[in-house]
Each structure stands twice: as C-alpha cells, then as structure tokens.
Amino acid sequence: MVDLQDRPDLLVVNGTVLTMDEHGTVIQNGAVAVSGDSIRSVGPAEKFNIKGAARIIDANGGIIMPGLINTHTHAAMTCFRGLADDMDLMTWLNEYIFPAEARLSHERVYTGAMLACAEMMLSGTTCFADMYLFEDAVAQAAARAGMRAVAGEVLYDFDSPNYGSIDKGFDYTLELIDRWRNDPLITIAVEPHSPYLCAPDLLRRAAAISEEHEIPMIVHVAETAGEAEQIRKTHGKSPVAHLADIGVLSPRFLACHCVAVSQEDIDLLRAHDVKVSHNPESNMKLASGIAPVPAMQAAGLCVALGTDGPTSNNNLDMFMEMDAAAKIHKVSQMDPTVMDAGTVLRMATIDAASALGLGNVTGSVEPGKKADIIVIDTHKPHLTPMYNICSHLVYAAGGADVQHVVINGVPVVDDGRLVSFDAEAVMEQMEQIAAEIRGLHDWTAKRANTGAKAGKE
Ligand SMILES: CSC[C@H]1O[C@@H](n2cnc3c(O)ncnc32)[C@H](O)[C@@H]1O
Ligand SMILES: [Zn+2]
C-alpha cells in the first residue's frame, strides 16, 4: 500500500498513467493521488486505498497524463479568428490585424482570453505562454479560468494601443511582475516582439529584466525568410547572430518559430542554451516555412510546441499541433522515422515545461509536481484498439477526447464539461465584440478566400 496517512483530496484511478518522467514510465491500471495543489503519489491502483480519497476521478480505462503546454500563443486573438486567412504574414498583419487591434481594450482582451482558456482547457491544455497587448487582462483571465499561464506584454519600437511609448511598456511589464509575483498560476515574462520590431537597446533592456527577475524572455525569432533578409540588411547578420552579438541570448530566452535559421544559428542557440517554441501549423498557414526541428534536436536544443495565435492557426488544440509537428518534418525530409510520436509528446509536455522555466512545476505526472493532469477517453471508435499510447495521442486523438482536466489540483473540466466558469456567457460577449469589428471595415471586399474565382459562391 502507498503510505497515504492523510486522505488525498483527489484520486485519479482506473487508467493507464503516462507519466512523461525521464524514464518514460507507463503504469497500466495506475492511479494518481493529489493533495492540495500537488501530486503526492503515482503507482499501480492496487497500492492505493480508494475509499480513503475525498474525491475520485474515474478514468474509465482511459489515459491519465500530464496536461499539454502551449508554449506560444496570443490568446485574445480569438477576437479576430477567421477575419483574414490565406495571405502572407505582412499583408495579414498590416492590412487586417493591426487595424482591428487599434480598437482593443483591456475588457476585449479579457473576453478574448477567457474564450481561449475555455478552448484550451476543453482540449487538454493546462498551461500556455502568451504574448499580447493588455496582458494584465490575459493574466486575470487565466487566473479566473484556473489555468496556468506565462504572460508578457508585447514590447516594440512604436507606440502601443495599450501603454503608449516604450518606457511606459517597460513600466507596465515591471508592474505586472510586481502584481503577479506570488500568484500560484501566473508567471510574468518579458516579451519584446522580435528583432525586426525592436532595436538592440530595447532588447538589451528586456534581457536585463529577464536576468534580474529570473523570468523568461519570449521573442519571435526568424519567423520568415523575409524577416531574416531584413535583419541581414540592417545588421549584416542573421537574426540569431544579431541577438547573440547584442548579448541577449540566455537559458531563459524562448525563441518562437526559428524557421529561417542555419546550422550556425542552431549552434549559437545551443551554445546559449536558448529554448525554442515550434509552431508548425501557423508556419504552414502563413507559408512561413518549415523550422529545422530535427537538426535543432540533434544539436541538443530543447524544442517545445506552440499553436501561435488563433488567427494564424486557426485553433488552440495541441493535439492537432502534435499531429502536424510529427508529419511536417517527415514529408519535408522524405523520412518517416523523424519526429516520432514519443518525441512530439515530450515537446508538448515535459520539454515545454522546461522551455518556460517550469520544469520543476509541471509537465509530468510525478510526486512533488503541481497536479496538472488530463484524462483521455479512449473508449471511442477512432481509438480502438490501442497498441501504442504515444501513437494514438499524436496521430489519432483530438482535443474532443479530453474527458477530465485538473489544474493545480483543481478539477476544471469534468466529464467533458467546463466547470470553472460559464463559457456560454463568454461566447455571448464575444459575439458583441465581433459585431463591432464587422462594422469597422468592409473586410470581405479585400478578402481572397471567398472561393468566388472557383465558382463556389
Ligand atoms: C504578438 S502580440 C504583438 C503583435 O504581434 C502580432 N502578431 C500576431 N501573430 C504574429 C506572428 O505570427 N508574427 C508576428 N506578429 C504577430 C499581433 O497581432 C500583435 O499586433
Ligand atoms: Zn506569435
């Protein structure tokens, strides 16, 4: 018997536990005991006194595993999902997204982020890293929803609709750090947008804050070849070499995308122990390219997964992201052995936690870690039979198969229903925001994706 002197607050039983610990331990008919916000013990079910638990979650023969971690998104961009698709990054940003974002407010970002939290929790994501405007609203939304989040206000060289000039942007970031310092769910990061929108001085100031407060620094890096070209023209080197030269790379630096990087760039990233967030669906949708992830992993880099914002993906489902990550590199290298399912699962769990500096907090089902746990219902036609758990999770399962979600010891999705807040009310508020956005412009006049040319409309 596992020594459970006190009654656990929660016992998750009757499932296969995929721990994602360093040995890749899988426990058939396992159980996980939770006390307060933390995992107390993990093992075969027969070692637990089931009657002793205050609350029981029955996994019903399914999979008990760590919650998925989305290492790069712009959650509140749910406000603009589907507003503009099928165009390149710069057209999309300059002609559609920036004009729409000029009307953002704290309240709208809060609603957009709440909606994103509902979508993420229902599809098994327990933690996300966010970069956006009015980021205090995102932190408030995540805390209210009961989600773990790493949140950072975007910083760039021009005036922001939130804080105005860059000095105020740094003040805003420092206030966020102060306000959320002891929060159980929220970590603040410093988040300059990218080397193409941030001068070296801004990037150095951000790096100093990251170092002083020991918080992540999250930056878009080498998302497209066009961006790399622009940096080469301005600074005479690649975006990664430029960042290394100005002295801002560190183990706390999370570089998002890293599509347009060379082997020398990869070696530089490794030398500084920089972490990478890979966003394959966004990179495909915006035709940005394919990040050389197998080469990064071969060099020993920690590469995690992220969806990017819900306007460039267009969903926040990490199961779909895992599927895409596993397949895109196979076809690009014409080699089906690259990016196997187990590797991809690590990128969405334990490697993602490490990339965010949360490796001791979350990302695996192990005693002492916070109880961020999901249960997958495998009693479904598309998951029967199950020869290999990792294979099913990456190639066959979807967010809709998530049955239970526990974050920081609190059940937030129960039998497929969100229980931590009223998602219906948030959807109604979002419809009001959308009505105003629709009224801003004749968006459809510019849009190329109506299918009209093909005679579909
Ligand atoms: C990310 S918050 C700041 C700013 O960036 C815009 N943005 C959204 N997605 C992307 C992307 O993939 N690359 C670069 N910039 C992006 C967002 O709309 C905000 O204005
Ligand atoms: Zn992004």
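Which element gives the largest share of the shell around ligand 1? Helix H1 does, with 4 residues. The legends below describe a predicted model.

**View 1. The shell around ligand 1.** There are 15 residues around ligand 1. His74, Ile97, Met131, Tyr132 and Val154 come nearest. Two elements give two or more residues to this shell: helix H1 (89-101) and strand E7 (125-132). By type, the shell residues divide into 6 nonpolar, 6 polar and 3 charged.

**View 2. An open sheet of 4 strands.** The strand order is E11-E12-E13-E14, and the pairing is parallel. Strand E11 (217-221) and strand E14 (303-305) are the edge strands. Each of these edge strands pairs on one side only. On average, neighbouring strands of the sheet are turned by 30 degrees against each other, direction ignored.

**View 3. The pairing of strands E12 and E13.** Strand E12 covers residues 253-257, and strand E13 covers residues 275-278. The two pair in the parallel sense over 3 bridges. Ala255 has Val276 in E13 as its bridge partner. Strands of a sheet pair through backbone hydrogen bonds.

View 4. Met20 is found in the loop between strand E1 (10-18) and strand E2 (26-35). Is Met20 buried or exposed? Met20 is buried, because 23 other C-beta atoms lie within 10 Å, and 20 or more are enough to count as buried. Leaving aside neighbours within four places in sequence, Met20 is in contact with Met65, Pro66, Leu345, Arg346, Thr349, Ile350, Gly363, Ser364 and Val365. Asp308 lies 288 residues from Met20 along the chain, and the C-alpha atoms of the two are separated by 24 Å.

Technical notes. Residues numbered from 1 in each chain as written. Chains lettered and ligands numbered in written order. Predicted model: local features only at pLDDT ≥ 70, side-chain atom pairs only at ≥ 80, totals over all residues. Pairing = 2+ DSSP bridges. Axes fitted to C-alpha atoms, helices over the stretch in contact; angles between N-to-C directions. Near = placed C-beta within 6 Å. Nonpolar A, V, L, I, M, F, W, Y, C, P; charged D, E, K, R; others polar. Buried ≥ 20, exposed ≤ 12 C-beta atoms within 10 Å, placed from the backbone. Contact = placed C-beta atoms within 7 Å.
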